[in-house]
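Subject: Structure for you, with notes on its aromatic rings

Hello,

Here is the structure I said I would pass on. Please keep it open while you read the notes below.

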Amino acid sequence: MRLSQAFLPVLKESPSDAQIVSHKLMLRAGLVRQTAAGIYAWLPLGYRVLKKIEGIVREEQDRAGAIELLMPTLQSAELWRESGRYDAYGPEMLRIRDRHEREMLYGPTNEEMITAIFRDETRSYRDLPRTLYHIQWKFRDEVRPRFGVMRGREFLMKDAYSFDLDEAGARQSYYTQLLAYLRTFQRMGIQAVPMKAASGPIGGDLSHEFIVLAPTGESEVFYDADYEGMDWSQSGLSYGDAEGLQALFDRIGQTYAATDETHDEARWAEVPGERQRQGRGIEVGHIFNFGTKYSDAMGFRVSGPDGAMVTPQMGSYGVGVSRLVGAIIEASHDDAGIIWPDAVAPWRVGVVTMRGDDPASAAAAEDLYAKLSGAGIETLYDDRDERGGAKLAGMDLMGLPRQVIIGPRGLAQGLVELKDRRSGEKQELSLESALARLAA
RNA sequence: CGGGGAGUGGCGCAGCCUGGUAGCGCAUCUGCUUUGGGAGCAGAGGGUCGCAGGUUCGAAUCCUGUCUCCCCGACCA
């Protein structure tokens with residue numbers, strides 16, 4: 001992308017509405033603009049990041065065997081009356097009437113709908129287990145939306161729903177999503193720790209929240225530093241491996257992690273002092289098993305192997321996709337701006353010339369931009385007629401992981417500067433080796 | 001929902017108390033000088049002061065109503 005052709009509005013000062021860093025940076029770097037309380041328009045930069053995150057979530061869901069579909073944002077009240085939640089849900093649900101005075105609602109979640117859809121097409125235990133998911137906008141009419149995209153009223157969420165014949169199967173589905181989540185967040189370059197949730201809807205041990213560490217988090221968290229070293233992608237675990245998944249679950253059960261709500265001082269004291277990690281955290285995912293709550297209420301039964309009717313076990317698994325954009329920024333920024341982890345960066349590389357009036361610099365930048373683009377490396381080339389410093393400040397604000405800085409001084413010796421956004425390290429290299437480095 | 005605060009060019013703010021027809025910084029545009037980490041000078045454009053009503057010769061300013069947004073608390077991906 002050439003910056004001169006882009007729509008990337010950047011602000012020097014943050015609007016006074018914004019209180020927390022991620023919100024300020026999202027406004028300043030031009031990721032979003034607020035259009036109403038808790039409702040945001042995603043500008044090109046923010047939308048690119050949102051899609052990156054969504055893509056990672058999708059890939060990991062697919063790998064875990066979940067099946068994607070897409071359900072609508074608008075739902076009929078009738079559906080929710082089946083489960084009894086239409087009256088139970090309260091004012092968080094946005095209720096709407098259409099022109100025929102039919103009661104509708106903007107979906108805050110999709111248990112009812114997925115249960116109805118799956119129920120209507122499924123008769124036999126042979127059709128189980130299945131985990132279905134979609135990535136769709138939700139609306140919850142929060143009493144007090146705040147923190148920008150982190151607690152918006154409209155938000156993008158991945159929600160998956162599992163259907164199993166029995167409890168043992170439901171556990172497997174749960175473990176599968178647990179592993180998928182660990183891998184998902186790891187790929188995004190953030191440390192998300194699974195913590196047993198205060199209380200699962202039906203009790204038991206099958207409910208976890210995934211918390212990203214960030215100083216502005218909403219809850220206090222405590223966890224064992226062992227989580228920091230775990231590599232979920234390279235663990236050799238496969239989704240079909242029941243024993244391995246059980247072992248994973250057991251290991252997580254044994255490795256301490258809790259929010260202030262579930263914190264257990266006695267167990268915490270058993271964690272060696274040097275491994276105790278304490279801080280604040282943002283919830284970016286939540287998985288839980290709810291047994292037959294919805295299948296029961298909505299009359300979903302299948303024929304079992306012995307001919308008897310069985311009510312399937314269900315679980316649901318949510319990832320706050322739009323919230324993650326804010327959460328990642330909270331966890332990864334500095335005074336100059338955002339620091340995107342590679343996997344979610346809107347562009348991997350930024351190219352800047354220090355002197356707009358130097359034809360050699362411009363030619364070198366054009367050449368590099370063409371080669372990077374040709375190599376499939378997403379590159380933002382600031383080809384505007386601006387001063388070097390202004391362009392560099394923009395690159396830092398937008399958080400591009402790597403920046404190539406080209407100027408007449410270096411070029412005279414055949415060198416360009418390669419800068420790492422996170423470490424701030426700068427290296428002088430030939431154009432060719434910079435290219436090779438970036439392509440690696 | 002309870003408590004607090006704010007709406008004035010794109011952004012950040014002043015003016016309001018003590019009515020006299022809108023100002024500053026940044027941004028934008030033009031010109032010149034500049035150029036290695038958000039340049040300087042000169043000039044220009046852009047606002048029915050959230051909206052509606054009222055008081056007044058005259059309202060950004062006073063009064064009433066209304067809408068919106070933000071913050072603190074109880075709840076949530």
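A residue is called buried if its relative accessible area is under 20%, exposed if over 50%, and partly exposed in between (1.4 Å probe, protein chains only). By that rule Y174 and Y317 are both buried.

This is a predicted model, in which local features need pLDDT of at least 70, side-chain atom pairs count only at pLDDT 80 or more, and totals for chains, interfaces and linings use all residues. Residues are numbered from 1 along each chain as its sequence is written, chains are lettered from A and ligands numbered from 1 in the order in which they are written, and side-chain values use heavy atoms, with hydrogens and water left out.

Rings of Phe, Tyr and Trp (its six-membered ring) pair if their centres lie within 6.5 Å; planes under 30 degrees apart count as stacked, over 60 as edge-to-face and the rest as tilted. This gives 17 aromatic pairs. One of them is F163 with F300, edge-to-face, with 5.8 Å between centres and 75° between planes. F163 belongs to strand β8 (residues 154-164), while F300 sits in the loop between α10 (293-297) and β14 (302-303), 137 residues apart. Helices (H or I, at least four residues) and strands (E, at least two) are DSSP runs, numbered from the N terminus. Both F163 and F300 are buried.

Y174 and Y317 count as a tilted pair because their planes meet at 55°, with centres 6.3 Å apart. Y174 is in helix α6 (residues 167-187) and Y317 in strand β16 (residues 313-320), 143 residues apart. Together with Y175 and F249, they make up one aromatic cluster.

Regards
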